[in-house]
Amino acid sequence: MLFRFRSLESRITALYSATFGLVMLLVAASLQWAIASNADHKVRSELTSSARVIDRIWSMRSQELDSVARPLALDFGFREAVATDDDATIRSALSNIAARIDLPNAFIVKYDGRVVGMRPDQDSPYDEELWDELDSGWHSGALRINGTTYQAVAAEIRAPALIGWLVLGRRIDAGEMKELSGLSAVPVTAAVVRRTEAGRWVYDQSDRPINDGGIVALLKRMKPAGQGEPADLSGRMAGNMVLARPLGSSDGVANTALLLNFSIADALAEYDPLRLAVVIAGLIGLIAVAFASTRVARRIVRPIVALEEAAKALERGERTSVPVVSKDEIGALTGSFNTMSAEIVSRENRIRHMAYHDALTDLPNRLQLREELDRRLAAIGQHGHALAVLCLDLDNFKMVNDTLGHRVGDQLLKLVAQRLVESAQGRFVARTGGDEFCLLVDGDGAEAERLAPALIETLAQPASVAGHFLRAGASIGIAEAPGDALDADDLVKHADLALHAAKAAGRGRHRRFTPDLDADANNRRAVEMDLHNAIARGEFELYFQPLFDLAKNRISAFEALIRWNHPQKGLVSPLDFIPIAEETGLIVPIGEWVLKEACRQAMTWPDDIRVAVNFSTVQFATSGIANLVFQTLANSGLAADRLEVEITESLFLEYSDSVREILHGLKQIGVRIALDDFGTGFSSLSYLRKFPFDKIKIDRSFIIELLNEAEASAVVKAITDLAAALDMETTAEGVEEPAQVEALRAHGCTTVQGYLFSKPVPAAEVQDLLEIKWERRVA
Ligand code: C2E
Ligand code: MG
Ligand code: MG
């Protein structure tokens, strides 16, 4: 199709209308064909029957003339009158006949060629041609006499030989023609035509030549009347149906004919109302179809257009729904679209929510915190306000997770999140990591500092979590913008540093960021760098602190404590570098060095003096720690039972099962195991039962309070009792006063260690310590 329909609506309308139009055209064409062939057939048969009627009339008239002419020609008196040329008798007889049958022309052609019996007013009929025709036997037909055509008959007059012919003729004129055409059932025009001597066909009345080639051809084909030809010479020419009938003839050639002419247009005119009705009905139908299909198309297309617009809106991320207007397929499609779009929107929301929220607590996550911080920092940059970031980390959360399982840990985190949100009073709270949370506090750091203790206190409220009675201890670090940092990363980093500082200071506290923390962090990085080379450069040294046996009143062992002789900083405490060494993994080679050096030194001591070596949790994470101990003992030659391995409870938290295996292996060859710093961390008595330690070292914090607080004394007593019951020794750490020694002895503690006896000393001084007579000091 040349013309393109852009819209579905116009396409549907055009298609329906075109189809209907085509059908209407076919109907009209076949109707037209039926009408035309019907009309043709009708006209043809009407003309044929008209011709037949006219034939009959013609022959009846001929017979009528015949019936007058024949008796007269046989009449004796008349024959005699003709034979004798008795004009008076002849004329009287002829006028007699003429009067009887209204005969315009009656005369006698004598055999000798004379014409007699003419009335004075009659045209002279004499004509040589007529005589020739009469002589050749013509007796009826059209006859032209002096320029006028007649229907005529001729009767022979014999006396007894042929003496002449009686000719009776009747004029064929316009009136006659009209009369003839009136006889037809269809409106025909009848005209008499004849052939002139020159052979041309002309209208008899007017001598007007016939120019229509079709009619001329038709006339040529015409056979003379009476030769048994049916009256079927008809043809269609120039919108007319024409039928030609020969009227008499001479020499076997029809020279005169009757032309019946019927206008087909006239016949068809009869059907005009029908055709008009069809055209009008078609037009009305077409308009109706166009209108109806437009409406149908609109009904189909409108929801589709609405759907398309909705789909575009959906693409732009807008929430859309299309009203369902029908119950058909389009309605179903619209319904499905609405469901789909709602699904997409809600899925998108879910995805967005997931991207910005923590799955467990549904709090904003680190990403959202980051964006929120950026936004607020930009705002404070413009308005000159302050903003504080408060980072919170749970103390000992790992223990909960490891001992009670992740399910309990998750529950605890949810509880913490809920409590934080409640206490935050609408402030922004995010979960940024496992047990880390961040709050944004409008205002400076002081405002956040006022909030921090309340948060710690709220979290510390004991709660039942999945059947366990738990407290969530927390530490908090605070940094403010613009004071401490201007961008989000630095601000959070600074709050984190403050948090670590708070933890290091002993958990359950909050701490504000100070620039020195940053310096500390930098320092840590520097330490880390230096540590890498410390072993190779021989910067480490072992100091030894004696453990005093209260029963034997003498030194029974020395604890090896590492010292770092830093080229610039001088002697560095293990508290300052061991955590860094642990974080970087450097503790593994350092620990190896310590073990070897401790064993080597111990070999120089008396056989009954043991050496205690501190092992870090991280060392246990590496495979082959047991092998290292075996080899070191073998290489140094130190008896296994002179080595005491000091470990802390955190070891059990991290790698419970594997640790137990390693410790059992060590214990089997005779190495002693001591639980260091007991009472600080989680002090779970279950460890004591799970693993048969040789010794429990009671942390210095209990010894400090021992003389002042009844509670501390009770705890120490409980530990020593429990240890005795489990067949374990006890060492009290950090003993500085003689009174403490007495109290510990009273509680049944087996060993003491502390500045009261000696600070850790270089290896060279160990011998001096062994030579001191201690009995006198502690008795
Ligand atoms: P620790 O194993 O509990 O060692 C005892 C710490 O208490 C030592 O500190 C010691 O000097 C100190 N101390 C002993 N008696 C007293 C006292 O009466 N008063 C006071 N105020 N302190 C006393 P040091 O040497 O600074 O070691 C600190 C910690 O570093 C050790 O605690 C130990 O956990 C760790 N450490 C030391 N050397 C090593 C080592 O070679 N390897 C590993 N993994 N850790 C080590
Ligand atoms: Mg120790
Ligand atoms: Mg200790």
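A residue is counted as partly exposed when its relative accessible area lies between the limit for buried, under 20%, and the limit for exposed, over 50%. Ala466, with a relative accessible area of 38%, is therefore partly exposed. The structure described here is a predicted model. Ala466 sits in the loop between β14 (463-465) and β15 (468-470), and its phi is near 50°, a positive value in a residue other than glycine. A positive phi of about 50° is also found at Gln425, again not a glycine. Gln425 belongs to the loop between α12 (406-424) and β12 (428-433) and, at 64% relative accessibility, counts as exposed.

The protein chain as a whole contains 26 helices and 27 strands. Its C-alpha trace spans about 220 × 60 × 50 Å along the principal axes. The radius of gyration is 71 Å, whereas a compact globule of 779 residues would have one near 28 Å. Buried residues make up 45% of the 779 in the chain. Of the contacts between residues at least 6 apart in sequence, 63% join residues at least 24 apart. The chain exposes about 39,500 Å², and carbon and sulfur atoms account for 54% of that area. There are 84 positive and 107 negative side chains, and the centres of the two sets are separated by 4 Å.

Two magnesium ions, ligand 2 and ligand 3, lie 3.9 Å apart and are bridged by Asp676. The magnesium ion (ligand 2) is coordinated at 2.0 to 2.3 Å by Glu559 (OE), Asn614 (OD1), Glu646 (OE) and Asp676 (OD). Along the sequence these donor residues follow the spacing E-x54-N-x31-E-x29-D. Because Glu559 lies in strand β19 (residues 554-566) and Asn614 in strand β21 (residues 610-614), this pair ties together parts that are 55 residues apart in sequence. Glu559 is buried, at 4% relative accessibility, while Asn614 is partly exposed, with a relative accessible area of 27%.

The bridging residue Asp676 is buried, with a relative accessible area of 6%. Asp677, at 26% relative accessibility, is counted as partly exposed.

Two cis peptide bonds were identified, as follows. One joins Ala159 and Pro160, with omega at about -20°. Pro160 is placed in the loop between β4 (148-158) and β5 (162-171). Another joins Ala481 and Pro482, with omega at about 5°. Pro482 occupies the loop between β16 (474-481) and α14 (488-504).

A further proline, Pro692, is located in the loop between α21 (685-690) and β24 (695-698). Pro692 is partly exposed, with a relative accessible area of 37%. Apart from neighbours within four places in sequence, the residues in contact with Pro692 are His664, Lys667 and Met728. The C-alpha atoms of Pro692 and Leu663 are 9.7 Å apart in space, and the two residues are 29 apart in sequence.

Conventions: Residues numbered from 1 in each chain as written. Chains lettered and ligands numbered in written order. Predicted model: local features only at pLDDT ≥ 70, side-chain atom pairs only at ≥ 80, totals over all residues. Heavy atoms only, no water. Donors = N, O, S within 2.8 Å, 3.2 Å for Na, K, Ca; no water. Helix = DSSP H or I, 4+ residues; strand = E, 2+ residues; numbered from the N terminus. Buried < 20%, exposed > 50% of the residue type's maximum accessible area, 1.4 Å probe, protein only. Rg over C-alpha atoms; globule rule 2.2 N^0.38 Å. Contact = heavy atoms within 4.5 Å. Areas by Shrake-Rupley, 256 points an atom, 1.4 Å probe, with all protein chains shown as cover. Lys, Arg positive; Asp, Glu negative; His and termini not counted. Charge placed at Lys NZ, Arg CZ, Asp CG, Glu CD.
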